[in-house]
Every structure is written in structure tokens, then in C-alpha cells.
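Hello,

Here is the structure for your files.

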Amino acid sequence: MPEKSHSKPMEVSPKRVEIAGGLWATGYRLISHAASRGSLWLRARMSDTHVGAHLAWVVLLTGALAFAAIGVVSLIRLRADAEEQATALAQLSRQQLARKLDGEARLAEARLRVLFDEAHRQTRYLSQRQDVVKAIVSANSVAMQLLLHPASVTGELDAFLVSDPAGNIIGSSRTTDLLVAREAIARLGLDDRIVSVLTDNRRSERRSDRTTLRVMPDDDRAIGMPLGRTIAHFAIEPVFDDFGDVAGVLIGIRSLAPSEATFEKFSSIVNAGVLVKDGDLTLSSGGLPTFNFHATTALADDELISGSGGNRVGRCAAHELGLLVCTHVEASEVQEAQQQMLRVSERQAGALFTWFLVLAAGSLGILVSVVLVAVRQVTRGLPQLASAAASVARGDLDVPFRAIGVGEVRSLGQAFEVMLANLRESLGRTRTLAFFDPVTGLPNRASLRIDGTEALTSRRSDVVFLFIDLDRFKSINDTFGHKSGDMLLGALAQRLANFFDSRVRSNEINAFRVGRLGGDEFLAILDLTATEARLQRLVEDLIRRLGENFVIGSSHMTVGASVGIAIAGRDGATYDDLLISSDVAMYEAKRSGRDSYAFFTAKAAALMQERLAIEKELRVALSEQTLNLLYQPLFSLRDGTIVGAEALVRWRHPTMGDIPPGKFIGIAEDAGLISELGQFVLERAVTETAALVRDSSDLRIAVNVSVLQLEDPTFANRIEACLARADFPLDRLEIEITESVAMRDSDVVQRQIVDLRRAGVHFSLDDFGTGYSNLSMLARLPVDTLKIDRSLVAGIHHSVEQQAIVRTILALSQSMGFASIVEGVEAAEERDFVIAAGADIAQGFFFSRPVSFDMLKGMQLTRALSRVTDRSENGVGRPKAASSR
């Protein structure tokens, strides 16, 4: 978008003002002189009535004729002046249209750069994906094609080529002759660029290359481009092996298509057509119908390119390789403005002529007075109009202007006022789309970068970044829908702005900038004198304020916030450094609990690195299925037999050692791997225990399932297929879900639970007693068993309140026909109490720790609880700490 300072001042000729001023001054002097002479003559001849009357009539007639002559001359000159003004404003309109098209052409050219930048970003992302790196390092061309082809489709690239460290093409996303592709790459002159990326490149100081080239016929097919396309962008990214050495390069190829979605969207926004020209050849277009014209950028400020037939006009912006990006609109936008102004001029001229004829019928004195008043009225508004037009020509669209005067001056002023309002609206809409979030109205990520960099450059006190991430927002979207979620974001944005505005008024902070980064993430940039205690109080007040109830429509909603704090100078010097530091601190706040905050520390950064490393290794472990399962037996409290086992995932990393589930399961949830992890546990447990379950009359295997798995519409079918493959009886599988999942108002979740129960699968409600426990919903829950959480059992023989709660839950379970399982039994007193209270099944360290499948098989053969109890009393398998999954 062009800056105001780039606008060229409009050439405002003084001829209009000179003509009008000179005309009215001459008329005024003539009329005044005639009136004065006539008055003197009448006073000198008063004694002779007849002569005086005759002379008076002569003077009046002479004055009337003089006035009529002046009126006719004035009418002619006014019409000429109005036509000149109409032409000048039409020229201004043409200049503004040219300037508008220039700005839109530059924006469209920026869209083209962004299109190729996205291809580069996609190529870099793929060059770092472990599965792609592994395929390239192994020089497996089949694996490369299987991985790169879907990625090229998803990333909207035409093709990927892979080069080994010697510069040879060893793989492609398409089925192609690699030798022919290598020759085409050489003809395109990319050899030196590939060698440059391969030479002395290190992961810590990564170098890549990119270029846009013309592709000759036959070379397009050789490198995987669609036929007939001549312009392509090549992104060359290094691929590093596990030792940090360059294992090859990944070359992403993105050609310019005849029709690009980004140009179509841009055209719909600005209501103008878009063309990319290479000489007289049109390479790509979008929006309104194309037209043939000779593209150039060597134009005057008010010159427009006219296409064939003269029905469209446009302007162009230069791009690399001599390409031109042009925007075009209907030529009638220019012609109609000029014709309209000319019609206004003609109508006003006719009205003035009639007006002068009527005035000529009056007395000379009245005519003189009316002419003077008319002159003042007609000329009123011309200076303001000329001044405003000059300001607009200089690029100042905020100049205040209101049409005044009468006749054609007022009409011209009104036309100018409408034109100015349209220009303001157009530029304002473009600025809003570029720099403001449409959901909240807050500045977006791009605007925050500009404001944040400016704040760091011009700061006179401390600058603090607050990275705000909403807690429980996803559940709001799931429960109330995305429309209500957007309304909540808007209300929360207003609450954020009001909170910081009140702190400015109370002089707690000097200034602030707040915006939305995306999703449920916000960033506040504060200018204040920062102390840790002061920031703690401010952020605590902010979290408390955001946690207050929202009323959206008829619904009441509550969200929390986790806040990361980074201070300029201490935690980073640039905008990007501080954004990353505050993001790391926010994750540290989430790790320590919701509705909390954390300052950036080196330890938090290290934990984030560790988290990323664990996430990366977890993806590898899931891909290679190196995780393993343990089984915690479930014992009947009536006869002591093992009636089931809960499958628990464990991870022993070759270098990191044992990674506790409490650490990697949370990372799997955040990284979107929980569904894959849950599916692995389910399939491994079913496969391992199928034979044991078939040989037992009542043994069940329990598996935890996340809400993301249940929200997959194919989940029930995949479970039934998995059980069928393993020959696992459906009625021996028990799926454990949480209370919030069971009560979830989701047709997909509820339908899948119903379908699986109908097929014979059992469902248990895990961790019962720790959630909201809506007893009115309990009768409608689609479950068979209630699992009482370990927190209610630990030390129950010392707590009367816990005893009352557990007795109530067990009595409720029995009365409603649910089976009951007690988790976390670790002492004989706890076992004795739950037996006396009427529990059916128990699990915990008192009975057995989680064991391998082989040990579970051996325990199942013994069938007797007494043996397990004896082992516990002798110190075998007794707990040393609280149990955990």
C-alpha cells in the first residue's frame, strides 16, 4: 500500500480563481460606478421633474442593460469556469484512480512474493522432517516419492527434487527420469546454487538458496512442472543427517499457474482484476475478465494503460525477471466521473442564466444588491475546495472538508466530498485487512511486529512482553460452537483493552499495545518501569480479570489464562527474541498449572528444548513402535481372583532412560499425538493379551481412550477391525473414559460409545469423584463401571470425610447397577475399608505393581489373592511411594 508521502501533489492552476475573482471585481466596480454616477446625476437634476424622470429612466435602463450585459458575460464565464473545474476534478479523479491501481498492483506483486515465500517455507519445513531426512539419508527414492508427493500437493508445490552431497538428483516427488531432471537442472543454471548450499553448510548456521527462473519447453516436464508454464520458483534447502552433516539438498519447485487462488482472493477484496505479464504474454490472472494491453511501468502519475476496445484501464508494478503485476478496472469509472461533472456544470449554467433574467426585471438598486449577494454566495466555498484538493493531492486524506456555497460550486464540493469519503473508505478497508484481526478488532500479528519493534526502538522505560494463552478455550468451541467462541474472543479482547487502559489512567503503566497472534493467543506489549513484584501484581490482576464470567447470548462461559513474561534487555533485544522468550515462559506457566504466570528463565528455555526433544523422539518411538506396555491387575474383592488388567504405556529411551508417563503423555496431547499413542496402546494390548483372554473365562483388559480418539468418526470401526484381526472377544475389552468425555454433548462421541456398547465393549468412568460429578446425569451415562479415584482412597482410614464420600459413591453405584473399581489401594487398612464398604474390584500397589505381560500370565495362573497378599506382607512388590500411571 503506498504511503501518503509517496503521493505527488496535484497541479492546481490559479486560473480558476483568477477568472472568478477578476470577473466579480470588474462587475462590482461597473455596477458601483453606474449607481454612483446615476445617483449624482439624479440629485443634480431634481429641480426639473420631467428631465429628471427621463434621465432617471435612462440611467435605470442603462444600468439594467449594463447589468444584463454583465450577467450574460458572467454566465458565459461561470460556465467556462465550471467546465474547467469539472475537468480539473475529473483529472484528480483519474490521478487518484491511477494511484489506487498503483497501490493495488504493488499489493498484488507482494502477494506473488508471498506465494513464492510460502513455497520456500514449505521446503524448509520438509527438509527438517525426520521421516524425509531419513529417506534422503538412506537414498531411498521410493520412500522419498511416497513422502514428498503428498507434501507437494498439501503445500501447493509442483514438485520436489532431491540431490545427494555430490549434486546428483537421487529422488523426486513424481515419477520422472532422474538423469533427465539432472540435465534440466544443469540447463537452468542451478548447479552452482546447489553446490553452494552443499559446501560448508552447518545446522547451527544454516544456509539455503532460492531463485525465480524462466523454464524452457521440455525442461518443465523433466523437473515435474505442469506443461506450458514458463516461470518457476526454486527453493534449495540443505538436509542434515543426525551428525549435523549435509546429506543432500531438497529442491522445492513452485510454478506460476494461469490462475492462482491468492490473486482470486485479492481481486475479490479490492474489486479489481489482476494480471501477471511477461512482455505481451499473460502468465496468470485473477478476478475480473482479462484484457489485452501492452504492460509498462513508465507512465505519468495520471496515465492509465488502456486495453483492447478501451473498456478497461490498469497500472502495473515491476517484479523480478522483468515480469509485471498489473491491476485493472472498468474504464467507465473514469469516464463516468467526467461526464457527470460536465452534466452538473451544464445544468447549473442554465439555472444561472434564468436567475439573471429574473433579476434584470427588477430595479437597478435591487439588482445591484442581489448581484453582490449572489457573487458572495457563488464564490463561497471555492477557497476551501481548492485548499482541500491540494491537500488530497499531497496525500493528506484526513483533511477536514464540507461542501458549502451554492450552485455548481456546491455540487462540485459535494462530488469532491463523496470522492474523498470513498478514498478514505478504500484505504481504511485495505489497512484494516492488512493490520487488524477481523474477529477481535485488535491488531494482528503483522501489526504487533511493527508496533513492538517501534516500542523497542523508541523506549524510554522498560518494555515487557506478556504472552497470553487461554485455558479451556477449546472446550468452549466444542461445547458452544465456533461462532460463540469467536464472540467470546471479541468480548475477551475488549476486556483486555479495558484492563490495560485502566492501568494507563492510574499511571501504573505508561503505554500498551495489545493484539491477537492467532487462535486463542494474545500478546500485550507494555511500557512501564518494570520490577518483578510490580509485574507479579499486574499479571495476577489480569488473570483474575480474565477469569471472570462472560455472558455470550444466553450462555455463561469461563476461561482462564496462562501468561508468559519477558523483559526487554534481560530476556532479549529484538521483537522476535522477546516473542519467543515470552512464549517459552507461557509454556512454563502451563506446565506448572493453569491460570498462572511465569517469567522467562534459562531453565524454562532448557525445559522447552527438552520438551521439543521428547516430542521429536516420541514421534520416532511411535513410528518405530518402541514403546512397551505394563499391566496393572484388577482383583475381585469377593474371591481374590484376577478379573482384569489395565494396560499402561511405558517408555524406556535408549539415551534418555525411563521417561515417566506423566511427562510424555502431556507432551503427546499438546503435540497432537495422543490419538496415535492411544491407538498404539489399544492395538498392542489387544494383540498381546488375545490368547490369554480367550483362555480365561472372565478376564478383561482395560484401555484408556482420549476424547480426540472418540471424536474420530471412524474410531468404532477401527476398534472392531482391530479386535477382529487379533481374534479378541469384544466383551473382554473395557474402555476407560473420563467423566467430561462421558457427558460430552457430541453426536459423534455419543454415537460411537453407543455402537461399541451394543457390540459388547464395556465402558468404565475413570477418576470418578474428582470431576463435577453431575449426579442428575449419572443415570444417563453410557458406562458399566465407576472407577473411584485414588485421591479418595489414600489414607481413608484416617479421614471420616473420605469414608463418607466413598461409601456414598459405592452405595450409589450398587443402587444404579454399576460395577465399582477402587484405584490406588496401597495399605491393608484401605483394602479392609473398601471391602467392608461393598466395593467389587480393586487395584493398587498393595495387590500388585504394574507388571509385564509374562508376569500377568503367571499371576493369572495362580488365581489366588492370598498369594499376592503374602508377597506384599513379605516386602515383595510393596510400594515405596504413591502409585502412578
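This is a predicted model: local features need pLDDT of at least 70, side-chain atom pairs count only at pLDDT 80 or more; totals for chains, interfaces and linings use all residues.

Residues are numbered from 1 along each chain as its sequence is written, and side-chain values use heavy atoms, with hydrogens and water left out.

Helices (H or I, at least four residues) and strands (E, at least two) are DSSP runs, numbered from the N terminus. Helix α22 (residues 715–726) and helix α24 (residues 747–759) have axes that come within 9 Å and cross at roughly 25°. Axes here are lines fitted to C-alpha atoms, for helices over the stretch in contact, with angles from 0 to 180 degrees between N-to-C directions. The two helices, α22 and α24, are therefore roughly parallel to each other (angles under 35 degrees; over 145 is roughly antiparallel, 65 to 115 roughly perpendicular, the rest oblique). On α22 the contact (heavy atoms within 4.5 Å) is made by F715, A716, I719 and E720, and on α24 by Q752, L756 and A759.

The open sheet has five strands in the order β7-β6-β10-β9-β8, with antiparallel pairing; strands pair if DSSP finds at least two bridges between them. Its edge strands are β7 (281–286) and β8 (305–306). Two bridges join β8 to β9 (residues 312–318), and S306 has V313 as its bridge partner in β9.

A166 lies in the loop between β1 (159–163) and β2 (169–172). At 62% relative accessibility, A166 counts as exposed (over 50%; buried is under 20%, partly exposed in between, with a 1.4 Å probe and protein chains only).

Regards
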